[in-house]
Amino acid sequence: MTRRVKAVIWDLDGTVWDGILGEGMTPVPRPAVVDLIRELDDRGVLQSIASRNSDEALDALAGFQLAEYFLHPQLGAGAKSAAVARICDLLGVATDATVFIDDEPYERAEVSHAHPDLVCLDAAEAPSRLARGDLVIDAGTRLPRRRLHLEELARRAAEAEAGPAMTSEQF
């Protein structure tokens with residue numbers, strides 16, 4: 001079965017970077033992963049994070065100039081399957097068009113059990129596995145889906161702030 005990939009959800013520790021942020025280690029981004037994140041963004045794939053890290057992880061991503069690539073990051077101690085469900089809902093992407101990447105077999109198994117139609121990949125294999133024949137990632141569209149998603153969120157927020165008394169023409 002061929003699947004069109006519309007979203008990729010990343011773990012952080014041991015996946016996007018080497019090291020474990022919560023244990024005082026200084027994370028070092030994996031160059032192949034950084035290249036893949038940028039390429040996926042160029043190809044219109046929406047990306048997010050499901051990680052057990054704290055908000056400190058967002059600062060680390062900003063320091064690596066990667067924070068802007070991730071929409072609706074879900075950080076904290078909860079189940080990653082729940083984080084994946086929230087992300088898919090917020091992005092408006094079905095789980096069968098989503099890939100989850102994590103270095104921990106337990107996390108992949110937990111997400112796969114909750115979302116059997118979602119593709120789970122081991123972080124070590126992600127760059128090569130995303131090129132496999134059963135996953136289709138649009139090439140060369142250069143559609144700025146991340147920016148379009150952010151603009152839609154801003155439009156909805158402005159519309160909600162305007163309130164129900166305002167007509168669409170007034171808005």
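The paragraphs below lead the reader from the overall fold of this chain to its charged pairs and its cysteines.

The structure is a predicted model, in which local features need pLDDT of at least 70 and side-chain atom pairs count only at pLDDT 80 or more, while totals for chains, interfaces and linings use all residues. Residues are numbered from 1 along each chain as its sequence is written, and side-chain values use heavy atoms, with hydrogens and water left out.

The chain contains six helices and nine strands; these elements are DSSP runs numbered from the N terminus, with helices (H or I) having at least four residues and strands (E) at least two. Of its 171 residues, 40% count as buried. Here buried means under 20% relative accessible area, exposed means over 50%, and partly exposed lies in between, with a 1.4 Å probe and protein chains only. The chain exposes about 8,900 Å², of which carbon and sulfur atoms supply 52%; such areas come from the Shrake-Rupley method with a 1.4 Å probe, and for residues only the protein chains shown count as cover. Contacts (heavy atoms within 4.5 Å) also describe the fold: among those between residues at least 6 apart in sequence, 64% join residues at least 24 apart.

The charged side chains come next. Side chains of opposite charge can pair when their charged atoms come close. A salt bridge is a side-chain nitrogen of Lys or Arg within 4 Å of a carboxyl oxygen of Asp or Glu, and a search of the whole structure finds seven of them.

Which residue forms a salt bridge with Asp102? The partner is Lys80, and the closest N and O atoms are 2.7 Å apart. Asp102 lies in strand S7 (residues 98–102) and Lys80 in helix H3 (residues 80–91), so this pair ties together parts that are 22 residues apart in sequence. Both ends are shielded: Asp102 is buried at 0% relative accessibility, and Lys80 is buried at 4%. The two side chains also make a polar contact at 2.7 Å. A polar contact is a pair of N or O atoms within 3.5 Å; within protein, one must be able to donate a hydrogen and the other to accept it, and residues adjacent in sequence count only if both atoms are side-chain atoms. Asp11 joins Lys80 and Asp102 in a network of salt bridges. Leaving aside residues up to four places away in sequence, Lys80 touches several others, including Phe100, Arg52 and Glu107.

Arg52 and Glu107 themselves meet in a salt bridge, at 2.9 Å from N to O. This pair links distant parts of the chain, 55 residues apart: Arg52 is in the loop between strand S5 (46–51) and helix H2 (56–63), and Glu107 is in helix H4 (residues 105–114). Arg52 is partly exposed, with a relative accessible area of 38%, whereas Glu107 is buried at 8%.

A further salt bridge joins the side chains of Arg155 and Glu152, at 2.6 Å from N to O. These residues are separated by about one helical turn because they stand three residues apart in helix H6 (residues 145–162). Arg155 is partly exposed at 35% relative accessible area, and Glu152 is partly exposed at 28%.

The last topic is the cysteines. How many disulfides does the structure hold? There are zero, a disulfide being a pair of cysteine sulfur atoms within 2.5 Å. Cys88 is buried, with a relative accessible area of 7%, and Cys120 is partly exposed at 22%.
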